[in-house]
Structure formats: structure tokens, C-alpha cells
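Please open the model in a viewer and keep the selection panel at hand.

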Amino acid sequence: MDASPIRIERHGAVLVIVADNPPVNALGAAVRAGLEAGIKQGEVDESIAAMVIRCDGRTFFAGADITEFGQPMREPALPILVDVIEAASKPVVAAIHGTALGGGCEVALACHYRIAVPSATIGLPEVKLGLLPGAGGTQRLPRIAGVALAVRMTAIGDPISARTAVEAGLVDRLVGEDTLADDAIAFAKEIAGKRPLPRASERTIEPDPAAIEAFRDAHGRKLRGLDAPAANIACIEQASSGASFRDGIAYEREQFARLMSGTQSAAQRYLFFAERQAAKVDDLPADIRLRPIGKVGVIGAGTMGGGISMNFLKAGIPVTIVETGQEALDRGTAVIRRHYDASAKRGRVTADQVDAMMARLTPTLDLRALAECDLVIEAVYEDMAVKQELFGQLDAICKPGAILASNTSYLNIDEMAAVTGRPGDVIGTHFFSPANVMKLLEVVRGARTAPDVLATVMALAKAIGKVAVVSGVGPGFIGNRMLSQRANPANRMLMEGIAPERIDRVLTDFGMPMGVFQMSDLAGVDIGWHRDPTRIESIRDALAAQGRWGQKTGKGFYDYDENRTPTPSPEVKAIIDRLRAQGGHADTTYTDDEILGALLYPMVNEGANILDDGIAQRASDIDVVWIHGYGWPAYRGGPMFWANTVGLAKVVAGLDARGVAVAPLLRKKAQGGETF
Ligand code: T1G
């Protein structure tokens with residue numbers, strides 16, 4: 001029998017119940033049982049006047065144990081436990097540090113008092129798992145902190161600071177950052193005799209329909225297609241509808257069960273672990289020594305170089321940014337400043353923080369200024385000759401042990417490494433534009449990239465708030481290699497008479513942020529065009545020849561107004577009709593589902609090839625790439641997870657019907673009734 005993760009301490013008339021369940025004190029069955037036993041012990045012990053619940057390690061309970069989901073519930077269930085805590089006849093104090101999240105926050109809400117250290121955060125992030133607080137959180141939080149804050153905390157799921165929690169009445173007192181255990185005992189003694197005990201479930205609640213409407217107006221579009229936010233809001237509405245607490249709990253439990261049994265939550269819970277799994281490199285020892293990264297060099301102050309630099313500046317890491325000309329250098333530096341000033345105007349950072357970040361930036365025209373950098377990332381023109389020349393120079397300039405990284409989106413890292421005398425120090429760091437916003441970082445492992453270099457970059461990615469996925473060397477790595485598979489079927493359907501706006505709508509209805517042709521207009525229809533307006537071999541050539549280069553020219557596959565709002569273009573329809581007539585292309589009818597399959601099945605197929613080629617470590621890594629690099633809707637889990645829900649046999653049949661060469665791994669799994 002394993003030792004209980006709960007121990008009981010006595011401090012005079014105060015009973016302290018301490019949890020120690022690394023890594024995040026998840027509220028697993030043993031923790032719940034120990035907490036219940038502790039409360040019951042305090043209740044029957046006449047020498048005890050008050051109780052404290054706190055945690056060892058880095059945080060107060062960070063939630064229910066997600067690994068227990070889908071398994072038979074072991075008593076006491078969390079909703080039962082929180083009621084035991086709240087019903088206690090003696091005051092129970094929650095002593096909070098770290099991140100009191102989900103079920104952890106609900107345990108705190110059931111306590112009669114809550115104290116916290118200033119650095120603590122408190123939240124109900126269940127919505128990010130496609131769920132809602134299932135242990136009374138939607139009914140207790142609005143009774144303590146009000147409807148407006150409760151809607152925000154449950155339907156968006158971001159935590160609040162301890163200070164904000166004090167202002168909202170959610171935390172009674174801030175205590176010393178390093179004296180929580182002692183301060184909790186002192187606080188418990190102070191309130192031991194106070195009655196009545198403040199029980200959230202007994203408090204009345206001020207209805208606030210205006211706050212709920214305002215929230216829906218502000219966030220409705222962003223939460224489109226998601227079940228959980230709406231369910232969270234509905235529970236808060238139920239709580240503030242005048243219904244009894246018990247009725248509210250019953251409603252919450254019903255909504256929780258509905259979400260838990262749905263595919264959206266299954267997808268979002270899958271992604272929770274997939275993101276963490278992606279951070280693990282299967283053949284690297286966990287305790288490998290990392291190289292210290294104190295100074296970063298970025299070559300190129302354009303959109304990518306500037307965006308890349310901002311990640312490090314924000315993380316407190318000095319950046320030396322290099323350009324070839326003063327005007328480009330000044331422009332790049334000014335763009336970084338403008339981004340920060342805009343964030344300050346939105347209240348995301350203070351003016352002082354902006355100044356501090358800019359102070360960490362050293363612009364220069366001299367490549368030799370990179371000599372002392374621990375990591376240098378090049379974000380120059382996507383041309384192998386240019387990059388090889390640069391890597392040759394860096395090899396001579398940079399100190400031994402410096403990591404040399406390329407931000408290339410598809411070129412061969414091994415060919416860059418080959419021109420240096422330190423191939424082990426060379427790696428790919430493929431940021432996604434805008435680099436200061438998009439969370440995905442494809443970390444491209446060269447054939448000779450040293451293990452500690454890879455481990456260092458993976459750890460650095462987490463430190464700058466990126467979600468890193470390891471890719472092998474190959475054209476387009478993981479994401480772009482799959483993205484390119486949509487182009488052929490999309491253009492083929494245009495020639496079969498399907499309008500671009502319908503093809504795009506099918507993807508946006510699916511939950512993608514934009515469709516194929518909207519994306520082409522954004523990136524530029526002329527990207528990769530041969531520039532010969534007399535050579536018309538595709539619809540793209542025909543559009544480019546007419547100067548329809550996309551948003552930047554006010555017209556591409558769509559026409560754009562001054563606000564860049566797209567409308568279907570009669571001229572584009574005429575161009576397509578003319579090419580169809582020339583090619584003798586007949587109309588083909590498609591259902592929306594067939595359009596979706598025509599676009600996405602080839603991507604899944606390429607994902608199987610990527611796994612077969614050893615470019616990605618695991619199918620879930622591919623899904624993480626698509627969620628954080630391309631805006632694939634989290635509630636659909638990523639292309640490989642989605643293919644599992646469609647059924648791999650159906651995917652293979654769809655590919656066969658369209659004459660697409662099916663990846664051996666995909667066909668094998670489909671025939672074996674397996675999933676990715
Ligand atoms: N259950 C089980 N394991 C968890 C866990 C959890 N709740 N949270 C984290 N882990 C594991 C994680 O998989 C990783 O494992 C390790 O801990 C470190 O995590 C009824 C239904 C707390 C902010 O959603 O947000 O309560 O990879 O890498 O970056 O209403 O973990 O090392 O093997 O993320 O420092 C609600 C989820 C649950 C919080 C720490 N709670 N966790 O971040 O470390 S549902 C959450 C986090 C619920 C009730 C409902 C973060 C963190 P491994 P990490 P981190």
C-alpha cells in the first residue's frame with residue numbers, strides 16, 4: 001500500500017492537512033481520501049478549533065487528476081469532498097501558493113477562508129479541456145466573486161492573480177511569500193472562534209444578465225463552435241437565476257457529464273497531454289546538461305527577425321539584432337517598438353516594461369557583434385547559397401559552443417551544417433508568422449545536431465512560451481509539408497466548377513481560421529510565381545498575370561475593400577470559367593463533406609508518410625503542429641486525431657476514390673482497424 005500523499009500536523013488547536021502529490025498535487029483518489037479523513041479527524045477532535053489545507057511542493061492543488069478521467073470514479077468523488085469541507089462545523093482555511101486550478105480552486109471555494117501568497121494564481125481552466133468545473137465551482141464562484149468575474153474565469157479559463165482575487169473577495173488575505181505555512185496557522189487561530197462560518201453555498205447571488213450579455217458580445221465570435229464555454233456560461237446563469245444552490249449543482253453535474261462524454265472534450269484532453277508529450281524527445285536522456293543561453297543573436301530585422309527577437313526580449317533575454325543596412329535596421333527596430341507600444345496601450349504591458357525590453361535589444365550592422373552570443377538565429381532570405389555563406393561566417397565569428405540556428409521554413413539544415421566546422425551546433429528553429437504571436441516552434445533536428453543542442457533549444461522554447469515540436473530534415477518539415485497537400489485538390493475542385501468561396505467556407509465552418517484561397521490571398525498569390533504573365537498554366541498564373549496578387553494588391557481570389565473585407569470576384573469567376581472551357585472541364589457536384597475530405601484526407605495521408613519517414617516522433621506531435629501553427633480547432637484534436645474520429649478506413653476509401661497514393665502506414669492501420 002503506497003504511503004498516503006496526505007499528512008496531518010497539529011499546531012495547538014489548529015489541525016493542518018498537508019498534501020504532497022508531485023508534480024502538481026493533482027486531486028487523485030488517494031489525495032481526496034486523505035483530505036476527507038483529515039477533515040473528519042478535525043471534526044471529531046475536540047482539541048481542534050480550526051483547520052488548514054495546504055500543499056507541499058510547487059503548487060496548491062492544480063486540479064482533478066486528468067489521468068483518472070474515463071476510469072471508474074473512486075470515492076470520495078470531488079463534488080462529495082468539497083461538500084464535506086464546506087459542511088465542517090469548524091473553520092477550514094485554504095493556504096494557496098502556485099496555481100490553484102480547477103478542482104484545486106473548487107477545494108479552496110469550499111473552504112470557509114482562503115489566504116494566498118502574492119505570486120499565487122487561481123483559476124478554473126476546465127473550459128480549456130472542453131469541460132466545466134464539476135465540483136461546485138460554477139455555483140460557488142459567482143456567489144463569492146460575482147457573476148461578471150465568474151463568467152470570465154470559467155468561460156475563458158485564464159487564472160487571476162492573488163491580488164485580483166483579494167479585490168474580488170475570493171481571497172481573504174495575502175500573506176508572506178515564504179511564510180505561508182506559519183501564516184496559515186496564525187490566520188486559523190485568529191478566525192477560529194468566528195461564526196457564522198462563511199459558506200459560499202449559503203450566500204445569495206446578485207443576478208447580472210448585463211454582464212453575461214456583454215461577455216457574449218465580446219467573446220461570441222472567438223468561442224464559435226465550442227460547446228464548453230456556452231455550458232460554463234449557462235451554469236453561471238443558472239447560479240444567478242434564483243435557483244437553489246442544490247438545483248444549481250444538479251444542473252452543473254448534468255452539463256459536466258454532457259461535456260465529458262462529448263468528442264470536443266476528448267479532443268482537448270488529448271491535446272493537453274499531446275502538448276506535454278511533444279516536449280519530450282524519445283532518445284534524449286531526461287537529465288542531459290543544457291547549454292546556458294544568456295545572449296541571443298538574430299540576423300535579419302524583417303518581419304520574422306523582429307518577431308523572433310520579441311520572444312526573447314519578453315523573456316528577459318538580451319538580443320543583438322543584425323541587418324545589412326541602417327535603414328532596414330532602423331525600420332526593424334521601430335516595428336518592434338511599435339508592437340510593444342501597442343501592447344502597452346492595450347494594458348498588456350507597462351511603459352516601463354516596454355523600455356526594459358527595448359533596452360535589452362542591441363541593433364548593429366556588424367556580424368562580429370554576435371561573437372559572444374550563446375545562440376544565433378538567422379532569419380534571412382530563403383536561399384540556400386545565402387544561408388550557407390552566412391553559416392560559414394558565423395562558424396568563424398561565434399564562440400565555441402554557440403548554437404547556430406536557421407529559421408528556414410523548408411530548406412535542408414544538414415546542408416547548412418555541412419559548411420561549418422561545428423555541425424553538432426547547428427539546428428533549425430522554424431517560427432511561425434507572426435513569430436511573436438504564434439505558439440508553434442518546429443525544432444528541426446539535423447542528422448548531426450548534438451543531443452544537448454536539441455535539449456537546450458527545446459527547453460528554451462518552453463522558456464519563451466512556445467510549444468516546440470521536433471521535426472526531422474525534409475521539405476516543409478511537418479506542417480508545411482502537409483499544408484501543400486491541400487493545393488492540388490483545392491485547384492482541381494475549382495476546375496470542376498466549385499467556387500473558391502465555397503471551398504473556403506467548408507474549411508471555416510469546420511473551424512479553421514481561414515480557407516485555402518483566403519490564405520493564398522493573405523500570403524500572396526504571387527509567391528513562387530514564375531513572373532511570366534504570358535505563361536498561363538494554372539488559375540494562379542492567370543490571376544497573378546492580372547495583378548491579382550492577393551490582399552496586398554486589393555484583389556486575388558477575392559476582391560477586398562479598404563478594410564480588407566473579402567468578397568467573391570466576378571472577374572475571378574470569369575477567369576476560371578475561361579480556363580475550364582479551354583480545358584473542357586465538366587461540372588462535378590460535391591457535398592460539403594466531400595469537399596472537406598478532398599482537402600483534409602491528403603493532409604492526413606501526408607501525416608502518415610511523415611511518421612513513416614521518421615520526420616515526426618509521434619502522431620500527436622503532428623496534431624500539436626496543426627493546433628498551434630495553423631489554427632486547427634482544438635476541439636477537433638488535430639488532423640490525425642480527427643482522422644481517427646472519421647475512421648481510417650473511410651479516409652483510405654476517400655483517397656482511393658480520388659486516385660491519391662495512400663501512405664503504406666495509413667493503409668496498414670486502416671486494414672488493421674487501428675488508429676493513429
Ligand atoms: N492532472 C494530472 N496531471 C497533470 C495535471 C492534472 N490536472 N496538471 C499537470 N499534470 C502533469 C502534466 O501532464 C505533466 O506531466 C506535469 O504534471 C507537469 O505539468 C472536477 C474536472 C499546473 C499550470 O486544467 O495547467 O479539475 O509530462 O508540464 O508547465 O472541476 O500543468 O511531467 O509527466 O504542464 O509547470 C483542471 C492543468 C483539471 C490544470 C503547471 N486543471 N495543468 O504547468 O507543468 S480538470 C487544469 C496545468 C478539473 C474539476 C475539473 C499545468 C500547470 P509530465 P506541466 P507546468
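Select Ala328, Leu329, Gly332, Thr333, Ile336, Tyr340 and Ser343, the buried residues of helix H13 (buried: under 20% relative accessible area, exposed: over 50%, partly exposed in between, with a 1.4 Å probe and protein chains only). They lie on the same side of H13, because they cover an arc of only 135 degrees around the axis, taken from the directions from the helix axis to the C-beta atoms. The model is predicted: local features need pLDDT of at least 70 and side-chain atom pairs pLDDT 80 or more, while totals for chains, interfaces and linings use all residues. Residues are numbered from 1 along each chain as its sequence is written, and side-chain values use heavy atoms, without hydrogens and water.

Next, display what covers these buried residues, which includes helix H12 (303–314), strand S11 (319–322), helix H14 (351–359) and strand S12 (361–364). Helices (H or I, at least four residues) and strands (E, at least two) are DSSP runs numbered from the N terminus. Then turn to the other side of H13, where Glu327, Arg338 and Lys345 are exposed. Past H13, select glycine 347, whose phi is positive, near 80 degrees.

Finally, select helix H4 (residues 137–145) and helix H5 (residues 147–155), whose axes come within 7 Å and cross at roughly 140 degrees. Their contact (heavy atoms within 4.5 Å) is made by Leu141, Pro142 and Ala145 of H4 with Val147, Leu149, Ala150, Met153 and Thr154 of H5.

Methods: Axes fitted to C-alpha atoms, helices over the stretch in contact; angles between N-to-C directions.
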